Amino acid sequence: MTRPQFDESFSLFPLSEIIQSTDSNRKVKKLLETFSCTRNTDLQNFLYNKAVTFEKNLRSRTYLYIDNSTQQVAAYFTITISTLHTDGISPEVIELLDGYKDDVASIPCFLIGQLGKSDKFEPRKIGEYILDDAIEIIDQSQKSLGGRFILLDAINKEQVIKFYEANAFFPIEKDPDSESIKMIKPYFEVLDEKT
Ligand SMILES: CC(C)(COP(=O)(O)OP(=O)(O)OC[C@H]1O[C@@H](n2cnc3c(N)ncnc32)[C@H](O)[C@@H]1OP(=O)(O)O)[C@@H](O)C(=O)NCCC(=O)NCCS
C-alpha cells in the first residue's frame with residue numbers, strides 16, 4: 001500500500017478529540033474494541049483498558065487510525081515523554097545518550113509506548129507510515145524543547161527489530177532471553193559523537 005493510498009483509506013484522530021466529541025464512555029470503548037491484535041496482546045490490552053485513563057490523566061497521547069470504509073480502528077500509536085534508566089549501560093554509551101555526562105542515572109527522552117496495526121490489516125504493509133506519523137508529531141515537540149532521542153521497547157523478535165532498524169532505530173541493549181529490547185532513534189549524529 002502506498003502512502004497516498006494509506007492516507008485515503010485511513011483518518012488519523014487524537015484519542016482526546018474522540019473522547020471530547022463522543023457522548024458516552026461506552027461508545028468510545030466500543031470503538032476501541034474494534035481493534036484486535038492477537039500477535040501482541042499487550043498492545044490490544046493497552047487500548048482496551050488503559051488508553052482512555054492515560055489520555056484523561058495526561059500520562060500519554062494516543063492517536064487512532066480509523067478505517068474510512070468500516071469506521072473501525074485500523075492501527076494506533078501512543079507517545080509520551082519519559083526517562084531512560086541507565087542501569088547496565090556503559091559510561092561511554094551513557095555519555096553518548098545524555099550528551100553531557102557519563103554517570104547519570106536517567107536520561108529524558110520521548111517514548112513511543114505502543115504502536116501497531118489491527119489483525120484485520122495484517123497483510124498490508126502500513127507500519128512504516130504509522131511510525132512516520134508518530135515520529136513527525138514527536139519531531140514538532142523536539143524542535144521546541146530539545147531532547148536527544150526517541151525510545152521504544154521493541155518485541156524481541158527478529159522481524160520486529162528489523163522493522164525498526166529499517167526505520168532508523170537501533171538497539172541499545174542485547175539480551176537474547178529478554179522479551180523486549182530497548183531501541184532508540186537519535187536526534188544527534190551518532191558518527192560525529194563517536195569521533
Ligand atoms: C510492527 C508492525 C507495525 C510492522 O508493520 P508492517 O510494516 O506493516 O509489517 P508486517 O506486519 O508485515 O511486520 C513486519 C514483520 O514483522 C513480523 N511481526 C510483526 N509484529 C510481530 C509480532 N508481534 N511478533 C512476531 N512477529 C511480528 C511480521 O510477521 C513480519 O514478518 P515478515 O517480514 O517475515 O513477514 C506490525 O507488524 C504490527 O502492528 N505488529 C503487531 C503489533 C506489534 O507487535 N507491534 C510492535 C510492538 S514493539
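**Exercise 1. Find the residues with the most contacts inside the largest nonpolar core, and say how many residues this core has.**

Step 1. The largest nonpolar core has 43 residues. The model is predicted.
Step 2. Inside this core, Tyr76 and Ile150 have the most contacts.
Step 3. Now the elements. Those giving two or more residues to the core are α2 (15-21), α4 (41-49), β2 (61-67), β3 (73-85), β4, α7, β5 and β7 (180-186).
Step 4. β3 gives the most, with seven residues.
Step 5. Look at Ile150. Leaving out residues up to four places away in sequence, Ile150 touches Cys109, Phe110, Ile112, Ile135, Ile138, Ile184 and Lys185.
Step 6. As background, nonpolar side chains in soluble globular proteins tend to be buried together.

**Exercise 2. Decide whether Ala134 is buried or exposed.**

Step 1. Locate Ala134: helix α7.
Step 2. Count the other C-beta atoms within 10 Å of Ala134: there are 23.
Step 3. A buried residue needs 20 or more. Ala134 is therefore buried.
Step 4. List its contacts. Residues up to four places away in sequence aside, Ala134 touches Phe77, Ile79, Ile112 and Leu115.
Step 5. Take Leu115. Ala134 and Leu115 are 19 residues apart along the chain, and their C-alpha atoms are separated by 8.7 Å.

**Exercise 3. Describe the shell around the ligand by element and by class.**

Step 1. Among the 19 residues around the ligand, Arg39, Asn40, Gly116, Gly127 and Gln159 come nearest.
Step 2. At least two shell residues come from each of β4 (106-117), α7 (127-145), β5 (149-155) and α8 (158-165).
Step 3. Sort by class: nine nonpolar, four polar and six charged residues.

Notes:
Residues numbered from 1 in each chain as written. Predicted model: local features only at pLDDT ≥ 70, side-chain atom pairs only at ≥ 80, totals over all residues. Near = placed C-beta within 6 Å. Helix = DSSP H or I, 4+ residues; strand = E, 2+ residues; numbered from the N terminus. Nonpolar A, V, L, I, M, F, W, Y, C, P; charged D, E, K, R; others polar. Buried ≥ 20, exposed ≤ 12 C-beta atoms within 10 Å, placed from the backbone. Contact = placed C-beta atoms within 7 Å. Core = buried A, V, L, I, M, F, W, Y, C linked by C-beta atoms within 7 Å.
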